[in-house]
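Welcome to this short briefing. Please open the sequence and the structure side by side, and let's walk through a ligand's surroundings and a pair of helices.

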Amino acid sequence: MKSKLIGALVTFGLIGGLCSFVYALTTNKVVIGYNINYEPDQPIPFSHKLHAGEMQINCKYCHAGVDISRHSPVPSLNICMNCHLNILPKNDKQTEVFTAMSDKYNNDEPVEWEKVHLLPDFVKFPHAYHIRSLEEKRNASANAVELADESNGYKAHVCQTCHGQVQEMDVVYQWSSLSMGWCVNCHRKPEHNAPVNCGTCHY
Ligand code: HEC
Ligand code: HEC
Ligand code: HEC
Ligand code: HEC
Ligand code: HEC
């Protein structure tokens, strides 16, 4: 008797759960497959807020090549060590992290950063076209001089269009959905008028 009651309760629970899940899906409360807000832990607590925000290091100083190639490479430790060979730790936490960084650097070991953004293999996304096209439009706009002033650091760049305010993030997260609709909607905008045939983005 008791086990039948439990069985019934479990069944009701499962059905109820399934119904609310389907409801949530249809109302767009959960979107399956899109990693929006994905924010993995990183092996070194590198902060964009500190480096790109407060210190205003140019995005392209670290992500060099983003405007000429398909991918935007994540920097190797060499770039960090340009500064960090001369920076002394201020507290225990920094001693620990900076030692880990210089150990890896001296042993020629790469830092295994967790990837934040990842499109499926059947999609092609070339950074170069996007950066060039967005920068041209920015330069043609009324406040271009202010925006293009390299001394303005990150403000001179167009990365935020797709990645959000990275210079305010302690830990980078995926700001856009990266869904097909997101790409196509932007391509369709009159100011972009970029191609939307399937072969543009698919192999
Ligand atoms: C232009 C110079 C420069 C570059 C390049 C640079 N850093 Fe830094 N970094 C600093 C300075 C300055 C500090 C602040 C030290 C302080 O005053 O606390 C710092 C602090 C840090 C901290 C400690 C933050 C904390 O919470 O205390 C970490 C971790 C760090 N950097 C990692 C990196 C990594 C990883 C890279 C390469 C991807 C890098 N840095 C590149 C200058 C630099
Ligand atoms: C001092 C070096 C440095 C600067 C400056 C810097 N980045 Fe990064 N960036 C990194 C490192 C190291 C990682 C990998 C670790 C992480 O995700 O935090 C990274 C990761 C990223 C990622 C996520 C990559 C992925 O795995 O999908 C994006 C997007 C990004 N940066 C954009 C920017 C933008 C936009 C700026 C300028 C506002 C910028 N970065 C400035 C070093 C830098
Ligand atoms: C038009 C939108 C768009 C713009 C503008 C853009 N990105 Fe990206 N970024 C993406 C997408 C989409 C991905 C995922 C690519 C993939 O998985 O193949 C990505 C991935 C990355 C990555 C991870 C490595 C990679 O290439 O997969 C880094 C780092 C990055 N972007 C940095 C930048 C920086 C720095 C800028 C500005 C100079 C920038 N992005 C401008 C859309 C954009
Ligand atoms: C901020 C608006 C914007 C977003 C978001 C965007 N694109 Fe684009 N895309 C453009 C523009 C503008 C061009 C045209 C560049 C040019 O004129 O060469 C373009 C061009 C392209 C091209 C090259 C087309 C050619 O001429 O061969 C590909 C491929 C592409 N985008 C893929 C993607 C994918 C995949 C995504 C989503 C992950 C995406 N784009 C998101 C604005 C955008
Ligand atoms: C501007 C870029 C772009 C264009 C143009 C585009 N796609 Fe996509 N497509 C994507 C991206 C990004 C994804 C992966 C994200 C997603 O599934 O929404 C995708 C995913 C897909 C998927 C897999 C869906 C899934 O969830 O597994 C199919 C099927 C597809 N596209 C078909 C098409 C067809 C057919 C066309 C032409 C009518 C087309 N795409 C045009 C960017 C594009």
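Which helices each supply at least two residues of the shell around ligand 1? They are helix H2 (48-54), H4 and H5. Do keep in mind that this is a predicted model.

**Around ligand 1**

- Ligand 1 is surrounded by 18 residues.
- The closest of these are Phe46, Cys80, Cys83, Gln94 and Val97.
- With five residues, H4 gives the most to this shell.

**Where ligand 1 sits**

- Two domains give residues to the shell: domain 2 (35-74 + 115-203) and domain 3 (75-112).
- Ligand 1 lies between these domains because both of them give residues to its shell.

**How H4 and H5 pack**

- Helix H4 covers residues 77-84 and helix H5 covers residues 92-106.
- Their axes come within 11 Å and cross at roughly 125°.
- An angle of 65 to 115 degrees would count as roughly perpendicular and one over 145 as roughly antiparallel, so H4 and H5 are oblique to each other.
- The crossing of the two helices is left-handed.
- On the H4 side, the residues that meet H5 are Leu77, Cys80, Met81 and His84.
- Their partners in H5 are Phe98, Met101, Lys104 and Tyr105.
- The residues of this contact comprise six nonpolar, one polar and one charged.

Technical notes. Residues numbered from 1 in each chain as written. Chains lettered and ligands numbered in written order. Predicted model: local features only at pLDDT ≥ 70, side-chain atom pairs only at ≥ 80, totals over all residues. Axes fitted to C-alpha atoms, helices over the stretch in contact; angles between N-to-C directions. Helix = DSSP H or I, 4+ residues; strand = E, 2+ residues; numbered from the N terminus. Parallel < 35°, antiparallel > 145°, perpendicular 65-115°, else oblique. Left-handed = near helix turned anticlockwise from the far one by under 90°. Contact = placed C-beta atoms within 7 Å. Nonpolar A, V, L, I, M, F, W, Y, C, P; charged D, E, K, R; others polar. Near = placed C-beta within 6 Å. Domains from an automatic or database assignment.
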